[in-house]
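I opened this entry to record what I looked up in one chain. The notes below follow the order in which I checked things.

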Amino acid sequence: MAEAWDEMFAAPGDPRPAYRSLFSTLQPLSGTDLRVRADQLARVFTDRGVTFAYAGEERPFPLDLIPRIISAAEWDLVTRAVRQRVIALERFLADVYGPGEVFADGVVPRRLITTSAHFAREAVGIEPANGVRVHISGVDLIRDEEGRFRVLEDNLRIPSGVSYVIENRRAMTQTLPNLFTEARVMPVDDYPARLLHALRAAAPEGITDPCVVVLTPGVYNAAYFEHALLARLMGVELVEGRDLVCSNNVVRMRTTQGERPVHVIYRRVDDDFLDPLHFRPDSVIGIPGIVNAARAGNVALANAIGNGVADDKLLYTYVPDLIRYYLHEEPLLSNVETHRLDNDDVVAHVLDKLDTFVLKPVDGAGGKGIVIGPKADEDELATVRAAITADPRGWIAQRPVALSTSPTLVDQGVAPRHIDLRPFAINDGDDVWLLPGGLTRVALPEGALVVNSSQGGGSKDTWVLADEQAPLAVRPSAAYAVDVIPYDVGIRDAGPASQMEGQQQ
């Protein structure tokens, strides 16, 4: 595997242009004080309830002190590429659950869709009022060994993690406000207003003042903090299934003043549990009849049911072709090189060289089920060999990519750790807007490539630098303002790893 791209350094001691100001601030500082600030960050997260469950224990979500920085020019490319991808996938979903021209024209085989675990026949014929099915998406990006962004996967069902973007920035401006003194960092606090605008724009025809709610599975869900935060920041009700009732194809919310019609539901409940009349009959967290209400055009579901067919990892291999087919454009960002295991010769080739591929289940999430061939032992390879042999449709094989690395504070000091990026896009029917930065996830164990928090990963505050020629209309929100803490923490005494010499959904 080739050496990974280093996000901060072009060469040892030579920071890339976007990082020069940050590097000059951090270079004189001590590793001991860095650890003090890291403890402060952890306390901020604990006090605000920004935790996650790992190994059966609630922990503050790991936020690294050293931000990840993306230049204005690079962000412009990411914005245009993600927008392109979202629009193509929107058209694909409308086609899949509508006329099916993509099958008739031979771009995607129909069997790929009908064999997908996330194809929902219940969604056929449902026409959203403003044509949007992917209101919120998270398109996972990585940098390859040459520093080029590539798409790792698409998340179009219920992408999570945006609360960490908001809270990471809040915590960083509280704990290290001097870092922002000279940096032209794009703000992230527009997200709730943008999301609310998109949800209101999705309301059924004729509704001028829609009632919007956030539907959560409940307090025991791993992402409950995010559900509650977004509802509060948007100023809408957070509800569970038992708070809603559906009759005569109309959804109503129970309140102390009687039932109130609901027009838009930002649902954080999986398809399988959303409506026991159409999906799992044993679900106690869904609302019976809600799919019928959506079909009747009386309620909008964000995101739409059945979206999972478009983020099936096998369909991912067709997205470049879908961009060409629907938009008549070349993809602005490439996928990671991927093998479809729907051909006997391809399957034989992959099985013969299992230890040279990354093997992924097509319906996996959270990093579960992934086998990194070069790092797997014989037992792991034997298990995945048997799984692929039994169900080739259920797997893809990818070239191992040395995900880019970023300097990260770990127990031993500051050392390079592999990272990815999840930009969050909001589609209001007129435009696809990207939250500047998104969620940078970090694989904290040395050499690890799986960044998911459920697998022990952490995150970084992601800075998108404003164009030097454009005014930065909004600085970090006044809501984040705190007394300035003298900034004298740093890298200097962190040990040999502090040189951060370059080497990594």
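**Entry 1: the model.** I am working from a predicted model.

**Entry 2: helix 7 and helix 8.** I noted that a helix pair is described by the angle between the two axes and the distance between them. For helix 7 (residues 191-201) and helix 8 (residues 224-234) I read an angle of about 80° and axes 9 Å apart. On the helix 7 side I listed Tyr 191, Pro 192, Leu 195, Leu 196 and Leu 199 as the contact residues, and on the helix 8 side Leu 230, Leu 233 and Met 234. By class this contact has eight nonpolar residues, no polar ones and no charged ones.

Entry 3: I traced an open sheet of four strands, ordered 9-8-13-14, with parallel pairing. Strand 9 (237-239) and strand 14 (300-302) are its edges, each pairing on one side only. From one strand to the next the twist averages 30°. Strand 8 (residues 212-215) is joined to strand 9 by three bridges in the parallel sense, and within this pair Val 214 is opposite Leu 238 of strand 9. I then checked what lies on the sheet: helix 8 packs there and touches strand 8, strand 9 and strand 13 (264-267), with its direction at about 150° to that of strand 9.

**Entry 4: helix 8 again.** Which residues of helix 8 are buried? I found Phe 225, Glu 226, His 227, Leu 229, Leu 230, Ala 231 and Met 234. These buried residues pack against helix 2 (31-48), helix 6 (162-175) and helix 7, and also against strand 8, strand 9 and strand 13. After helix 8 comes Gly 235, with a positive phi near 75°.

Entry 5: I traced a second open sheet, made of three strands in the order 10-11-12, with antiparallel pairing. Strand 10 (244-247) and strand 12 (258-261) each have a single partner strand, so one side of each has no neighbour in the sheet. Ignoring direction, neighbouring strands here are turned by 40° against each other on average. Strand 11 (residues 250-255) and strand 12 run antiparallel and are joined by four bridges; Arg 254 has Glu 259 of strand 12 as its bridge partner.

**Entry 6: backbone exceptions.** I looked for these since most residues other than glycine have a negative phi and most peptide bonds are trans.

- Asn 249 is not a glycine, yet its phi is positive, about 60°. Asn 249 sits in the loop between strand 10 and strand 11 and is partly exposed at 32% relative accessibility.
- His 328 has a positive phi near 55°. His 328 is in the loop between helix 12 (319-327) and strand 15 (334-335), and I noted it as exposed, at 70% relative accessible area.
- The Ala 302 to Asn 303 peptide bond is cis, with omega near -5°. Asn 303 belongs to the loop between strand 14 and helix 11 (313-316).

**Entry 7: Ser 406.** Leaving out residues up to four places away in sequence, Ser 406 touches Glu 7, Ala 415, Pro 416, Arg 417, Ile 419 and Lys 460. With the side chain of Lys 460, the side chain of Ser 406 makes a polar contact at 3.5 Å.

Note on methods: Residues numbered from 1 in each chain as written. Heavy atoms only, no water. Axes fitted to C-alpha atoms, helices over the stretch in contact; angles between N-to-C directions. Helix = DSSP H or I, 4+ residues; strand = E, 2+ residues; numbered from the N terminus. Contact = heavy atoms within 4.5 Å. Nonpolar A, V, L, I, M, F, W, Y, C, P; charged D, E, K, R; others polar. Polar contact = N/O pair within 3.5 Å; in protein donor to acceptor, adjacent residues only side chain to side chain. Pairing = 2+ DSSP bridges. Buried < 20%, exposed > 50% of the residue type's maximum accessible area, 1.4 Å probe, protein only.
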